[in-house]
Amino acid sequence: MITLYGFGRIFPEGRGETKDLRAQWALEETGLPYRVHALDHTGGELDGEAFSRLSPFHQAPVIDDDGFVLAESAAIVLYLAEKAGKLIPNDVQGRTRVVQWCCAAASSVEPTFLCLDLIGMFDSGKTAQQLDAKVHELAGRWLAGVERRLEDREWIACADFTVADIMMACVLRGVRKTDLMAPFPKLMAYYQRCQARPAWQRTLALYAERVNVSVDDIR
Ligand SMILES: N[C@@H](CCC(=O)N[C@@H](CS)C(=O)NCC(=O)O)C(=O)O
C-alpha cells in the first residue's frame, strides 16, 4: 500500500499551503489505496534521521509505495497517474503534454509565486519594492500564458482532466488570496472548475482534519 508522508503538526502559517495537498488530491482522484503518515513538523520530524532517508531535501510530500520511495510533488502525481492508468492519456504525445504542463506549473509559474511570498515576508526598502514590481510583472506573464492556453480548452494539458491540472491548480492556489488572477477570466473559471472536483473537496477536508483546522480556514 502507498504511504503518503504529509503534514500533521505544522506551524499555523503553513496550514493549508503545503504541497502534500497535491499528492493527496491525485490519490483521491485515482482511488489508489493509501495511508497517511502525518509528520510532526513542529517537533522536527522532517529533520530527523529516519525522514532524511526518504527525502533528499527534508521536505514533504514523499510517498513510499511498498519500498519505492519518491519525492517531488510533480513526480509523485505523475507516478500515481501512471500507476493507476488514470489522469494521463495512453499515447506518448498526450503523456508528454501532461509532463510539459506539470513542469510548467512547477518550474515556470510556481517559483515566481514563491518569490512573492518571500518578498512579502521580508519587505522593506527600495530594493525590495523594485524586486516586488519585477516579480509581479513576471507573475503576470505566466498567468497570461496560462490564460492563452485556456482560450479554447477546459483543461490545461489534454481534453480530459489530468494530473497537470492538479499541479497547475495547486500552484495557482498559492496566489488565491491576492488579486493576481483577477484580470484573467478563463484562468479564474478554470481554477473554480478544478476546485469543484469532488476529489479536491475530499482532499481539503481530510487535510484540514489532519492539520487540525477548519476547512473554511484553508479554502
Ligand atoms: N519541490 C518540492 C518542494 C516541496 C516543499 O516545498 N515542501 C515544503 C512544504 S510545502 C516543506 O516540506 N517544507 C518544510 C521544510 O522545508 O522544512 C515539491 O514540489 O514537492
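Visitor: Where does Arg15 sit?

Guide: Arg15 is in the loop between E1 and H1. Keep in mind that this is a predicted model.

Visitor: Is Arg15 exposed, or only partly exposed, and why?

Guide: Partly exposed, because Arg15 has 17 C-beta neighbours inside 10 Å, while a buried residue needs 20 or more and an exposed one has 12 or fewer.

Visitor: What does Arg15 touch, leaving out residues up to four places away in sequence?

Guide: Ile10, Val211, Val213 and Ile218. There's also Arg210, which is 195 residues away from Arg15 in sequence but 9.9 Å away in space, C-alpha to C-alpha.

Visitor: Moving on to H1. How many of the residues of H1 are buried?

Guide: 11 of the 11, so H1 (20–30) is largely enclosed by the rest of the structure. The buried residues include Leu21, Trp25 and Leu27, and also Asp20, Arg22, Glu28 and Glu29.

Visitor: You mentioned E1 and E3. Which way do E1 and E3 pair?

Guide: Antiparallel: E1 (residues 2–9) and E3 (residues 62–65) share 4 bridges. In that pairing Thr3 has Asp64 as its bridge partner in E3.

Visitor: What about E3 and E4, how many bridges there?

Guide: E3 and E4 (residues 68–71) pair over 4 bridges, in the antiparallel sense. Val62 is opposite Ala71 in E4.

Visitor: Which residue takes a positive phi in the hairpin of E3 and E4?

Guide: Asp66, with phi near 45 degrees; that hairpin has 2 residues between its strands.

Visitor: Okay, domains. What does the assignment give?

Guide: Domain 1 is 2–87 + 199–210, and domain 2 is 92–197. Their centres, taken over C-alpha atoms, are separated by 21 Å. Domain 1 puts 11 residues into the contact and domain 2 puts in 13.

Visitor: Which helices supply at least two residues on the domain 1 side?

Guide: H1 (20–30), H3 (73–84) and H8 (198–211) each do. The side of domain 1 that touches domain 2 has 10 nonpolar residues, 1 charged and no polar.

Visitor: Which residues have the most contacts inside the largest nonpolar core?

Guide: Ala26, Val77, Cys102, Val163 and Met167, in a core of 58 residues. H6 (residues 163–173) gives the most to this core, 9 residues.

Visitor: Last topic, the ligand. Which residues surround the ligand?

Guide: Thr18, Lys19, Leu46, His58, Gln59, Ala60, Pro61, Glu72, Ser73 and Ala106.

Visitor: How does the shell divide into nonpolar, polar and charged?

Guide: The shell around the ligand has 4 nonpolar residues, 4 polar and 2 charged.

Definitions and conventions:
Residues are numbered from 1 along each chain as its sequence is written. This is a predicted model: local features need pLDDT of at least 70, side-chain atom pairs count only at pLDDT 80 or more; totals for chains, interfaces and linings use all residues. Two strands pair if DSSP finds at least two bridges between them. A nonpolar core is a set of buried Ala, Val, Leu, Ile, Met, Phe, Trp, Tyr and Cys residues joined through C-beta atoms within 7 Å. A residue is near a molecule or strand if its C-beta atom, placed from the backbone, lies within 6 Å of it. Ala, Val, Leu, Ile, Met, Phe, Trp, Tyr, Cys and Pro count as nonpolar, Asp, Glu, Lys and Arg as charged, and the others, Gly among them, as polar. Domain bounds come from an automatic or database domain assignment. Two residues are in contact if their C-beta atoms, placed from the backbone, lie within 7 Å.
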